[in-house]
Each structure stands twice: as C-alpha cells, then as structure tokens.
Amino acid sequence: MENHITIALPKGKLFKTSVKLLGMAGYSAENVTEDSRKLVIVNDKTKVRFIIAKTVDLPTYVEYGAADIGIIGKDVLLEEKKDVVELLDLGFGRCRLMLAVPEHIQKHRLTDYAHLRVATKYPNCAKEYFNSLGIQTEIVKLNGSIELGPIVGLSELIVDIVETGRTLKENHLVEVDSIFTATARLIANRASFKLKFERLHKLTEDLREILNKGE
C-alpha cells in the first residue's frame with residue numbers, strides 16, 4: 001500500500017460532506033458509508049484507501065501514520081493537541097465552543113464564575129480558557145450529554161460545542177461567552193506530507209479550488 005494514499009474519515013456530522021468533497025476532487029471508493037462493516041475501503045484504480053474513525057481517534061491515526069491525511073474539526077485538534085500538519089480550512093461543520101450556565105445563576109462578570117464545577121468534553125480547552133481569565137474551576141470530564149451536568153447538580157457550568165443553541169434553550173441554559181469557532185480541517189501526517197508531497201499537495205489545491213468556486 002506504499003503507493004496508496006490513506007484517508008481517515010470522521011464519523012458523525014462531518015462524514016457526508018467530507019466524502020462528497022473528496023469525491024469531487026477524484027478521491028472516492030465504492031461503499032464508503034459511515035455504517036460500513038469494512039474497516040478499510042480501497043480503490044486500487046486511483047490508489048486511495050479510506051478508514052472510518054471516531055472523531056476523537058482520527059488525529060491519532062494521522063499523527064502515527066496509520067492515515068496519511070484526514071478531515072477533522074478544529075475543536076478536536078485544539079483539544080487533542082496531536083502533532084499533525086494542518087493543510088486547509090475546509091469551512092464546513094461550523095460550530096463554536098462556549099461557556100454556558102443555568103439561567104438562574106447567570107452573573108454579570110466572567111470572573112464571578114470562579115471556584116465552580118464545569119462539565120465538558122473538552123477539559124484541555126476549558127482549562128486553557130479559564131486560565132486565560134485568571135480564575136480557578138473544577139473541571140469534570142464527561143462523554144455524554146453535557147447539558148445534564150447542571151440539571152442533576154454535577155456541575156454549575158458547562159463548556160461545550162454548539163451550532164444553533166437550541167439544546168441550550170431547551171434545558172434552560174444560557175451562553176455567557178464564546179471561546180472559539182471551529183470548522184473542518186484537512187490534516188496530514190508530517191512524514192507522509194514529505195514523502196507523498198506531490199499527491200497530497202495536489203489534493204489540497206484541488207480541494208481549495210473546489211471550495212473557492214463554491215461548488
């Protein structure tokens with residue numbers, strides 16, 4: 001498989017658009033579906049193979065060279081801090097990491113939230129954020145519904161990704177600060193980017209051209 005490019009695709013909300021965009025650039029294979037039972041899907045004609053990974057694992061596959069390139073949200077990159085090359089902002093999958101609190105404890109200043117517990121899937125990003133404010137909090141790592149934390153008394157605050165904010169309103173939470181905005185990014189393994197530079201560079205530029213045309 002030395003002549004193949006291995007592309008890691010993320011399960012979840014970025015999957016369909018990722019597959020469509022790569023297909024427009026000539027990188028596709030039969031039966032590339034999110035629920036495929038095949039662990040590796042190969043197109044020998046175009047010398048490309050796909051692996052479908054959980055979003056939190058995808059940067060690890062790329063960092064260690066199991067995949068040459070991958071598509072992943074900037075939020076995951078900032079949280080996982082993997083040693084990869086970020087090639088292109090793909091622009092889709094826009095969301096933001098934010099701080100939210102129950103409506104009844106909303107305060108006037110961010111520093112008034114010191115010494116409270118924070119539920120989040122993004123403990124590293126949350127820690128950096130609160131450190132930048134100069135306040136101490138207790139961060140509780142969760143993997144499920146973060147909004148549940150304040151409802152059951154596990155935490156007073158949450159730091160989570162939102163797109164529309166609808167779920168916050170339904171659970172009587174209010175956003176008090178936007179930490180950063182994230183979009184899908186094309187990333188590469190550092191060694192692969194050198195050894196397979198021509199193909200990876202061409203793919204990057206082809207995707208850039210497609211995005212610029214707004215197709």
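In the predicted model, threonine 60 is partly exposed, with a relative accessible area of 27%. This residue belongs to helix H2, which covers residues 58-63. Valine 84 is 24 residues away from threonine 60 along the chain, and the two C-alpha atoms are separated by 9.0 Å.

The chain as a whole contains eight helices and 11 strands. Along the principal axes, its C-alpha atoms fill a box of roughly 60 × 35 × 30 Å. The chain has 215 residues, of which 43% count as buried. Its accessible surface comes to about 11,800 Å², and carbon and sulfur atoms account for 48% of that area. When contacts between residues at least 6 apart in sequence are considered, 67% of them join residues at least 24 apart. Charged side chains number 31 positive and 30 negative. The centres of these two sets lie 2 Å apart.

Helix H1 spans residues 15-24 and helix H8 spans residues 197-213. The axes of H1 and H8 come within 9 Å and cross at roughly 105°. H1 is therefore roughly perpendicular to H8, since angles of 65 to 115 degrees count as such. On the H1 side, the residues that meet H8 are Leu21, Leu22 and Met24. Their counterparts in H8 are Leu203, Leu207, Ile210 and Leu211.

Leucine 90 lies in the loop between strand S5 (85-89) and strand S6. Its relative accessibility is 4%, so leucine 90 counts as buried, the limit being under 20%. Leaving aside residues up to four places away in sequence, leucine 90 touches Leu21, Leu207 and Leu211, as well as Ile71, Ala184, Arg185 and Leu186. Of these, Leu21 is in H1, while Leu207 and Leu211 are in H8. The C-alpha atom of leucine 90 is separated by 21 Å from that of lysine 196, which is 106 residues away along the chain.

Two lysines were examined in the loop between strands S2 and S3. Strand S2 covers 40-43 and strand S3 covers 48-53, with lysine 45 in the loop between them. Lysine 45 has a relative accessibility of 81% and therefore counts as exposed, the limit being over 50%. Leucine 97 is 52 residues from lysine 45 along the chain, and their C-alpha atoms are separated by 41 Å. Lysine 47 is also placed in the loop between S2 and S3. With a relative accessible area of 36%, lysine 47 is partly exposed. The phi angle of lysine 47 is near 55°, a positive value in a residue other than glycine.

A positive phi is also found at histidine 115, where the angle is near 65° in a residue other than glycine. Histidine 115 is located in the loop between strand S6 (95-102) and strand S7 (117-120). Its relative accessible area is 63%, and histidine 115 is thus exposed.

Glycine 153 and arginine 117 are 36 residues apart in sequence, and the distance between their C-alpha atoms is 9.6 Å. Glycine 153 is found in the loop that runs between helix H5 (148-152) and strand S9 (157-162). With a relative accessible area of 45%, glycine 153 is partly exposed.

Methods:
Residues are numbered from 1 along each chain as its sequence is written. This is a predicted model: local features need pLDDT of at least 70, side-chain atom pairs count only at pLDDT 80 or more; totals for chains, interfaces and linings use all residues. Side-chain values use heavy atoms; hydrogens and water are left out. Helices (H or I, at least four residues) and strands (E, at least two) are DSSP runs, numbered from the N terminus. Buried means under 20% relative accessible area, exposed over 50%, partly exposed in between (1.4 Å probe, protein chains only). Contact means heavy atoms within 4.5 Å. Accessible areas come from the Shrake-Rupley method with a 1.4 Å probe; for residues, only the protein chains shown count as cover. Lys and Arg count as positive and Asp and Glu as negative; His and the chain ends are not counted. The place of a charge is taken as NZ of Lys, CZ of Arg, CG of Asp or CD of Glu. Axes are lines fitted to C-alpha atoms, for helices over the stretch in contact, and angles run from 0 to 180 degrees between N-to-C directions. Angles under 35 degrees count as roughly parallel, over 145 as roughly antiparallel, 65 to 115 as roughly perpendicular and the rest as oblique.
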